[in-house]
Structure formats: structure tokens, C-alpha cells
Amino acid sequence: MKRFSFDGPFDLSLTVSCGQAFRWREEDGYWSAPVNGSVWTIRQEGDTLFYDGCSEEELIHYFALDLDLDEILSSIDTDPLIHKAITACRGLRICRQPPFECLISYICASCSNIPMIAKRIELLSETFGKQAGGKRFAFPTADVLAEHGMDEIRCCKTGYRDKFIHEASVYAAENPHWIERLSAMPYPDAGCELMKLSGIGPKVADCVLLFGFAKYEALPVDVWIERIFRTQYFDGNNGKKLPYNTTAEFGRKHFGEFAGYAQEYLYAEREILSKRGE
């Protein structure tokens with residue numbers, strides 16, 4: 001296996017298991033997933049990664065090892081609550097996922113749980129993707145998914161999401177430069193563009209922009225983040241749920257340009273580490 005020594009904090013296990021990506025599996029200390037058409041296998045020992053299936057450049061890009069994480073965490077360390085999360089989860093990095101796979105994955109994620117999301121993604125890959133290595137399959141391209149009807153997509157346990165997946169695939173196939181175009185847009189404009197597609201609301205758009213386009217001001221608000229913000233920053237809001245935009249806009253003002261990192265750390269500290277008993 002190849003090896004890469006990195007500077008700055010990085011926790012491989014927490015990064016791939018915190019709910020931002022859905023295809024990573026752990027066995028005997030190695031994490032593996034199909035990424036960009038091949039199966040990556042990675043193990044961490046201290047500040048060294050032992051890896052196979054990708055280049056060093058791909059490894060650095062995917063795990064954002066070119067970013068100064070200490071500087072990012074310092075910028076969002078604005079109150080005792082986030083300070084606690086940073087202390088507990090230091091080393092968690094937001095991955096730069098392939099944008100089309102990220103888009104379809106978060107359409108699959110609407111009104112669902114992580115095991116079911118992962119199941120849908122695996123079925124889509126096994127049904128429409130090419131073999132990537134061993135028993136793992138690459139995520140299908142937009143062109144391939146666009147060629148297949150909603151009935152075939154629904155066989156992958158996508159339910160009512162079949163039409164949304166198909167429409168998004170057609171959009172990506174017919175607009176080959178959509179990734180470059182959204183990447184160049186300011187965050188609000190990119191979100192508006194994504195929400196023109198059926199089945200994509202503010203939360204799915206924010207997830208895609210954060211995890212697929214590295215727009216770190218995107219702050220996805222799920223039930224857990226809304227609850228954390230309501231109880232910790234809005235004094236309970238008289239028991240009333242906060243509107244999505246109220247929560248997200250407060251987060252952006254409170255945490256700044258890396259608000260998406262704050263969201264991920266707060267989620268991981270409350271929902272991931274607490275379940276592990278850490």
C-alpha cells in the first residue's frame with residue numbers, strides 16, 4: 001500500500017462515519033468505498049494514511065487535507081457549545097464528494113435514515129454502475145441513469161424519489177458543464193439553481209452544496225440541528241420549531257463562512273459520539 005503523511009488534525013474514522021457519505025465500510029481497521037470508479041482502501045496510523053485505489057492527489061482532494069483545519073475550527077469556535085464539539089471531534093473533515101453522486105445520494109436521503117439511504121445507493125450502483133473492484137460497484141453516471149425509466153429506478157427501493165432521481169439525472173446528462181457552472185456561482189444562487197429540480201428543497205440543496213461543492217457556508221438543518229439550535233441558542237423558542245431559514249441564517253451569522261463545519265461538528269458530537277458512549 002502507498003502511504004501519505006499529513007499535517008494538521010484528521011480523524012479518518014469519524015470523517016467517513018459521521019453521516020456525510022454513505023458508502024464507506026470498515027473491516028479489520030481498514031475503511032473502503034467506491035470513489036470515482038475504483039475502490040479506495042485506507043487505514044490511519046497517527047498522522048499517516050496507508051491507502052490503495054487512488055492517487056495521492058485524489059486522497060488529498062477528497063479528504064480536504066489541503067485545508068488548514070485548525071484555522072477553520074478557530075474561526076467557528078465562538079461559544080462553549082461549539083468549543084465542546086470541536087474538542088470532542090477535532091479531526092473531522094468535510095469530504096469533497098463527487099457532485100453527481102452527492103446529488104442523487106441526498107435525493108435518496110430525503111425523509112429517510114442512514115441504513116436505508118445506503119441501501120438505495122448500493123442498489124443503484126449494483127443495478128446501473130460498473131464493477132469497481134471485488135463486490136463493489138461504482139456509482140452510475142448521469143448518462144446511464146437518464147437512459148433508464150422510473151420503474152427501473154424504483155426497483156432500487158427509491159419509492160417516490162424515482163422521478164426526482166430521473167429528473168436530476170436528465171438535467172446532469174443534458175447539461176455537461178453543470179458542475180463547473182454551480183461551482184462558480186455564489187452559494188445563494190447555486191442553491192436556487194438546485195431547487196429548480198423537483199424534490200430538492202433547502203435541506204437537500206444545502207447538503208449537496210456543502211458535501212459536493214465545498215460551499216462551506218451551506219448549513220443543512222435536520223431535526224437534530226434544529227433542536228440543538230432551538231434549545232441552545234434560542235432558549236427553547238417557547239417550544240416552537242424554528243423555521244429552516246431562521247436556523248440556517250442564524251448559523252451563518254454566528255459561525256461565519258465555515259458554518260457548515262460548525263453544523264457537522266455539533267451533529268457529530270451530539271449524535272455520533274454520544275451513541276458510542278464517548
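So, H13 and H14: on the H13 side you have Glu-226, Phe-229 and Tyr-233, and they meet Thr-247, Phe-250, Gly-251, His-254 and Phe-255 of H14, where contact means heavy atoms within 4.5 Å. Helices here are DSSP runs of H or I with at least four residues, numbered from the N terminus. Before I go on, this is a predicted model, where local features need pLDDT of at least 70 and side-chain atom pairs count only at pLDDT 80 or more, while totals for chains, interfaces and linings use all residues. Residues are numbered from 1 along each chain as its sequence is written, and side-chain values use heavy atoms, with hydrogens and water left out.

Back to that pair. By class, the contact of H13 with H14 has four nonpolar, three polar and one charged residues. The classes go like this: Ala, Val, Leu, Ile, Met, Phe, Trp, Tyr, Cys and Pro are nonpolar, Asp, Glu, Lys and Arg are charged, and the others, Gly among them, are polar. The axes of H13 and H14 cross at roughly 65° and come within 10 Å. Those axes are lines fitted to C-alpha atoms, for helices over the stretch in contact, and the angles run from 0 to 180 degrees between N-to-C directions. The crossing of H13 with H14 is left-handed, meaning the near helix is turned anticlockwise from the far one by less than a right angle, with clockwise being right-handed.

In the loop between H13 and H14 sits Asn-237. Asn-237 isn't a glycine, and yet its phi is positive, about 50°. With a relative accessible area of 26%, Asn-237 is partly exposed; buried is under 20%, exposed is over 50%, and partly exposed is in between, using a 1.4 Å probe and protein chains only.

Next pair: H11, residues 187-194, and H12, residues 202-213, pack with axes 9 Å apart at an angle of about 125°. That angle makes H11 oblique to H12, since under 35 degrees is roughly parallel, over 145 roughly antiparallel, 65 to 115 roughly perpendicular, and the rest oblique. This crossing of H11 and H12 is right-handed. H11 brings Tyr-187, Ala-190, Gly-191 and Leu-194 to the contact, and H12 brings Ala-205, Asp-206, Val-208 and Leu-209. That contact of H11 with H12 splits into six nonpolar, one polar and one charged.

Over in H10, residues 178-184, have a look at Ile-179. Which residues does Ile-179 touch, not counting those up to four places away in sequence? Pro-99 and Phe-213. Ile-179 and Phe-213 are 34 residues apart along the chain, with C-alpha atoms separated by 8.3 Å.

Last thing, the core. A nonpolar core here is a set of buried Ala, Val, Leu, Ile, Met, Phe, Trp, Tyr and Cys residues joined through side-chain atoms within 4.5 Å. The largest has 75 residues, and Leu-103, Ile-104, Tyr-265 and Leu-266 touch the most other members. H12 gives the most to this core, eight residues. Leaving aside neighbours within four places in sequence, Leu-266 contacts residues including Ile-225, Phe-229, Tyr-233 and Phe-255. There's also a second, separate core of 20 residues, with Phe-4, Tyr-51, Leu-65 and Cys-95 among them.

Key
Helices (H or I, at least four residues) and strands (E, at least two) are DSSP runs, numbered from the N terminus.
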